[in-house]
Amino acid sequence: MVKGCFVVLEGGEGAGKSTQAALLARWLRDRGVPCTLAREPGSTAVGEAIREVVLGRTDLEMPAESELLLILAARAAFVREVVRPALARGDVVVADRFDLSTLAYQGYGRGLDLARVRAAMEVATGDLRPDLYLVLDVPVEEGVARRRAAGGSEDRIERAGADFLRAVRDGYLELAEAGERVELVSGLGSPLRVQERVLGCLRRRLPDVFGPRGN
Ligand code: Z5A
């Protein structure tokens, strides 16, 4: 039997997180493993309302501190209403973004002090720690090109521009280098090729859940 487990897909714009999160959820369900697929900010009533303000309200200028606290307000609900109950049921939780996004975007991207961001994040997450983060990495230009090809309008944070996105990517690379539970995965190549890399990491890092005996 597979135990509850918390896996997070992270990375910059257009890196393929949503695609890989959906593929992973399908892979798990095909094997009869109960899985909760969720995204941040969002996945709760409070979180989706906050998402609409933080991403949808392109007319709003807001201090980086306000952006941080809104995102953490959404996370507090996400942790309590989605992640903890799913882990308690024994699900594998596959999250499209979590707290590395906050360090990368509000810390490295917006320039907020990382120690203060970490302290604020504690209020939202408590002692909850993902079992593994997979940081999908593509060059900024590739990610932007993918997003443009997908269509749709830019959200409030995407409007910050290429230098911001480069700072976010550099942040992810540093976080991946420093984090024990963080794996850097190239997001280049076809979605199925990237999925092979993702599954390879999961089998190696979480064999009880993703290895041959896990499912
Ligand atoms: N944010 C924050 O600032 N702080 C936080 O703490 C949190 C979030 C949690 C969420 O946006 C925003 O919130 C995000 C950070 C901020 N800001 N921005 N900007 P979102 O959830 O709406 O969007 P996103 O996470 O940036 O998703 P995305 O740009 O759509 O990227 P993605 O999920 O990594 O990629 P995708 O949707 O899987 O793929 C994008 C396109 O590329 C799509 O057409 C795919 O078909 C295509 N694709 C996917 N994989 C491939 C491969 N391998 N090759 C070619 N094409 C591919």
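**View 1. F6, F78 and F98 make up one aromatic cluster.** The model shown is predicted. Five aromatic pairs are counted in this structure. One of them joins F6 and F98 in an edge-to-face arrangement. The angle is over 60 degrees, so the pair counts as edge-to-face.

**View 2. The F6–F98 pair links distant parts of the chain.** F6 belongs to strand β1, residues 5–11. F98 sits in the loop between β3 (92–96) and α4 (99–109). The two residues are 92 residues apart. The cut-off for buried is under 20%.

**View 3. Y105 and Y172 form another edge-to-face pair.** The ring centres lie 6.5 Å apart. The angle between the planes is 80°. This pair, too, links distant parts of the chain. Y105 is in helix α4, and Y172 is in helix α7 (residues 162–178). They are 67 residues apart. Both Y105 and Y172 are buried.

**View 4. R75 lies over the face of F98.** What is the distance from R75 to the ring centre of F98? It is 5.1 Å. F98 is also a member of the aromatic cluster with F6 and F78.

**View 5. The largest pocket has a volume of about 830 Å³.** Its lining holds 36 residues. Which residues lie nearest its centre? They are K17, S18, R97, R147 and E158. Several helices each supply at least two residues of this lining: α1 (17–30), α2 (45–56), α3 (64–89), α4, α6 (140–150) and α8 (191–205). By class, the lining of the largest pocket has eleven nonpolar, 13 polar and twelve charged residues.

**View 6. The second largest pocket holds about 390 Å³ of space.** In this pocket, 17 residues form the lining. D99, L100, R118, R129 and Y133 lie nearest the centre. Helices α4, α5 (114–125) and α7 each supply at least two lining residues. Which element gives the largest share? That is α5, with four residues. The lining of the second largest pocket divides into eight nonpolar, two polar and seven charged residues.

How values were computed: Residues numbered from 1 in each chain as written. Predicted model: local features only at pLDDT ≥ 70, side-chain atom pairs only at ≥ 80, totals over all residues. Heavy atoms only, no water. Phe/Tyr/Trp six-rings, centres within 6.5 Å; stacked < 30°, edge-to-face > 60°. Buried < 20%, exposed > 50% of the residue type's maximum accessible area, 1.4 Å probe, protein only. Lys NZ or Arg CZ within 6 Å of the ring centre and 35° of its normal. 1 Å grid on protein atoms, 1.4 Å probe; cavity = no way out; pocket = protein on both sides within 12 Å on 5 of 7 lines; lining within 4 Å. Points joined across faces, edges and corners; volume = space filled by probe spheres on them. Nonpolar A, V, L, I, M, F, W, Y, C, P; charged D, E, K, R; others polar.
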